[in-house]
Amino acid sequence: MNLRRLSLRNFRSYAQAELEFDPGVNLIVGDNAQGKTNLLEAIAYLGSGKSFRAQRTGEMIRFGADFSELQGELFSQEREQKIRFLLFPGSRPRQIFRNGAKKKSAQELAGVLPTVLFCPEDLMVLKAGAAQRRRFGDFALCQLRPNYDAALTEYNRILEQKSRILRDHFDHPSLLEVLPEYNTRLCQVGALLISYRARFYQGLGKAAAEYHSQFSGGAEEFFLEYKTVSTVKDPFAPVPELTQNLMDHLQSHSRAELETAQCLTGPHKDDFTVSLSGVDLKTYGSQGQTRTASISLKLAQRTLMGREWGEEPVLLLDDVLSELDPGRQDFVLNQIVSGQVFITCCEPGRFTRLGKNIHIQKGNVI
């Protein structure tokens, strides 16, 4: 699998750009704030229909433009393919095309251009708050499992509606009449999320443990534990059982939710922890251990996606090498033995032996 050509129009800092890539390593070089990360964002968006930076579509459209266009030509699933997105400001829905045929959603692109992004923020994801770790897991799972993407979208929609009811019920008590319906549906969809997450984190933890063992020379034992609501004793249980577990937890928090006007229970508060040889990394881990474990997680994510799709996902390294000491740089680079890789950096002299060099300056390809 590899992305051969990328065309951008009115995307972020790019008024118009045409790029051709090497099937191996592509080194994207330029000073800070020149558009290197924008390029990786475009590649990741083509593959998933999601941005790892923007909360709204309009943020990706060049200032003053009426639309943005992204188009990629790639070899995937043993054939030539094209992916095209048209993005519009405001509420106008985007348009998605695969090989010239219009698609209803990005879920129909699953497996065509899977990507794994690694950026400096990811180096400390295990020290950050739970929301950042959920975002990491959700982004990976949405690519691996299109049905998870649909369930997550539905869960967030119901959660927002329930939150509105809780906020407004003091002034409009009649809203509480429909609250049980929202609670039931929230638990049903939430049970699906827990089921998907439990299996994903189990596979991720095993793969990451293998990488970390190589990284540490076998000196540390890596263990990942998935955390969800306390009434779920077995996250691998059948979905109906998980639904009842969530209902039980919700029932015990129902009074507190009404009093605080907040949704206090559910998988929107899930998390995972990592321990090294039995010691909690978030609390006691050094910066070096944290970075090593985070690298192992990202490499594990790429491994899982490669197993799922039968092709190596495109690896996107956004200025991450400059954040690592030479030993960790070498470890990451030594894992790049196959597949297509994009690396952004400000110091090309350190990595001149790597593949094709692409110079970016003020949103232009030099």
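A: Start with helix H8 and what sits over it: the cover on its buried residues includes H4, H7, strand S12 (314-318) and S13. Helices (H or I, at least four residues) and strands (E, at least two) are DSSP runs, numbered from the N terminus. Keep in mind that this is a predicted model, where local features need pLDDT of at least 70 and side-chain atom pairs count only at pLDDT 80 or more, while totals for chains, interfaces and linings use all residues. Residues are numbered from 1 along each chain as its sequence is written, and side-chain values use heavy atoms, with hydrogens and water left out.

H8 covers residues 326-334, and its buried residues are Arg328, Gln329, Phe331, Val332 and Leu333. Here buried means under 20% relative accessible area, exposed means over 50%, and partly exposed is in between (1.4 Å probe, protein chains only). At the start of H8, a side-chain oxygen of Asp325 comes within 3.1 Å of the backbone nitrogen of Gly327.

Next, the strand S13. S13 is made of residues 341-345 and includes Thr344. At 1% relative accessibility, Thr344 counts as buried. The side chains of Thr344 and Asp318 are joined by a polar contact of 2.8 Å. That term means a pair of N or O atoms within 3.5 Å; within protein, one must be able to donate a hydrogen and the other to accept it, and residues adjacent in sequence count only if both atoms are side-chain atoms. Apart from its neighbours within four places in sequence, Thr344 is in contact (heavy atoms within 4.5 Å) with Ile28, Lys36, Leu40, Leu317, Asp318 and Asp319.

You'll find Asp319 in the loop between S12 and H8. With a relative accessible area of 21%, Asp319 is partly exposed. Asp319 also has a positive phi of about 55°, although it is not a glycine. Most residues other than glycine have a negative phi. Asn10, in strand S1 (residues 2-11), is another non-glycine with a positive phi, about 60°. Asn10 is buried, at 15% relative accessible area.

Now for H7, also part of the cover on H8. H7 runs over residues 287-309, and at 1.5 Å a residue its 23 residues should span 33 Å; the end C-alpha atoms are 33 Å apart, which agrees. That expected span is 1.5 Å times one less than the number of residues. Of the 23 residues of H7, 17 are buried, so H7 is largely enclosed by the rest of the structure. After H7 comes Gly310, with a positive phi near 75°.

The largest pocket holds about 970 Å³ of space. Of its 29 lining residues, the closest to the centre are Lys50, Asp149, Leu152, Thr153 and Asn156. H4 supplies at least two residues of that lining, as do H1, H2 and H3, and the largest share, six residues, comes from H3. By class, the lining of the largest pocket has 11 nonpolar, 10 polar and eight charged residues. (Ala, Val, Leu, Ile, Met, Phe, Trp, Tyr, Cys and Pro count as nonpolar, Asp, Glu, Lys and Arg as charged, and the others, Gly among them, as polar.)

A word on how such spaces are found: on a 1 Å grid over the protein atoms alone, a cavity is a set of points where a 1.4 Å probe fits but cannot get out, and a pocket is an open set with protein on both sides within 12 Å along at least five of seven lines; lining residues have an atom within 4 Å of a point. Grid points are joined across faces, edges and corners, and a volume is the space filled by probe spheres set on the points.

Finally, Gly217 is in the loop between H4 and strand S9 (222-227). Gly217 is exposed, with a relative accessible area of 66%.
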